[in-house]
Amino acid sequence: MTKILRYLEKYWIAVILAIIFIFAQTMFDLNLPKLMSQIIDNGVLKNDTTAIWKTGGIMLLVTLLSATATILASYLLARVGSGLAKKCS
């Protein structure tokens, strides 16, 4: 284990960034049900199509941000993993 941690020294910035991106992705995903409830409460029940479109646009933006964070985290962790595999073999 200490040998692997020694190899991680070169990639510590990528690991920290990946953790931040994973956290951001989780926070974005956890906001989607709240936004859906706002669409139902403020848009559907009150028959307000403007609120539906506005909140739907926010949901789309949150989803795009979540997907971007997921892609960036996956990319960084793939680089770290391949770097460790090259060093350890």
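Mentor: Begin with exposure: a residue is buried under 20% relative accessible area, exposed over 50%, and partly exposed in between (1.4 Å probe, protein chains only). This is a predicted model, in which local features need pLDDT of at least 70, side-chain atom pairs count only at pLDDT 80 or more, and totals for chains, interfaces and linings use all residues. Residues are numbered from 1 along each chain as its sequence is written, and side-chain values use heavy atoms, with hydrogens and water left out.

Trainee: Which class does L72 fall into?

Mentor: L72 is partly exposed, because its relative accessible area is 35%. L72 sits in helix α3; helices are DSSP runs (H or I, at least four residues), as strands are (E, at least two), numbered from the N terminus.

Trainee: What is the C-alpha distance between L72 and A18?

Mentor: The two C-alpha atoms are 7.2 Å apart, while L72 and A18 are separated by 54 residues in sequence. Two other pairs can be read in this way. L5, in helix α1, has its C-alpha 9.7 Å from that of L84, 79 residues away along the chain. N31, in helix α2, and T63 are 32 residues apart along the chain, with 9.6 Å between their C-alpha atoms. L5 counts as partly exposed because its relative accessible area is 48%; N31, at 31%, is therefore partly exposed as well.

Trainee: Is T55 buried or exposed?

Mentor: T55 is buried, because its relative accessible area is 9%. T55 belongs to helix α3, residues 49-88.

Trainee: How do I read a polar contact of the T55 side chain?

Mentor: A polar contact is a pair of N or O atoms within 3.5 Å; within protein, one must be able to donate a hydrogen and the other to accept it, and residues adjacent in sequence count only if both atoms are side-chain atoms. Here a polar atom of the T55 side chain lies 2.9 Å from the backbone oxygen of A51.

Trainee: Which residues form the nonpolar surface patch?

Mentor: Patch residues have over 30% relative accessible area and no salt bridge; like charges are joined within 9 Å, nonpolar side chains (Val, Leu, Ile, Met, Phe, Trp, Tyr) within 5 Å. A salt bridge is a side-chain nitrogen of Lys or Arg within 4 Å of a carboxyl oxygen of Asp or Glu. The nonpolar patch consists of W12, I13, I16, L17 and I20, with about 500 Å² of accessible area together. L17 lies in helix α2 and is partly exposed because its relative accessibility is 36%.

Trainee: Which residues make up the positive patch?

Mentor: K10, R79, K86 and K87 form it. K10 is in the loop between α1 (2-8) and α2 (12-44), and K10 is exposed because its relative accessible area is 61%.

Trainee: What is the phi of N47?

Mentor: N47 has a positive phi of about 55° although it is not a glycine. N47 lies in the loop between α2 and α3, and N47 is exposed because its relative accessible area is 68%.

Definitions and conventions:
Areas by Shrake-Rupley, 256 points an atom, 1.4 Å probe, with all protein chains shown as cover. Lys, Arg positive; Asp, Glu negative; His and termini not counted. Charge placed at Lys NZ, Arg CZ, Asp CG, Glu CD.
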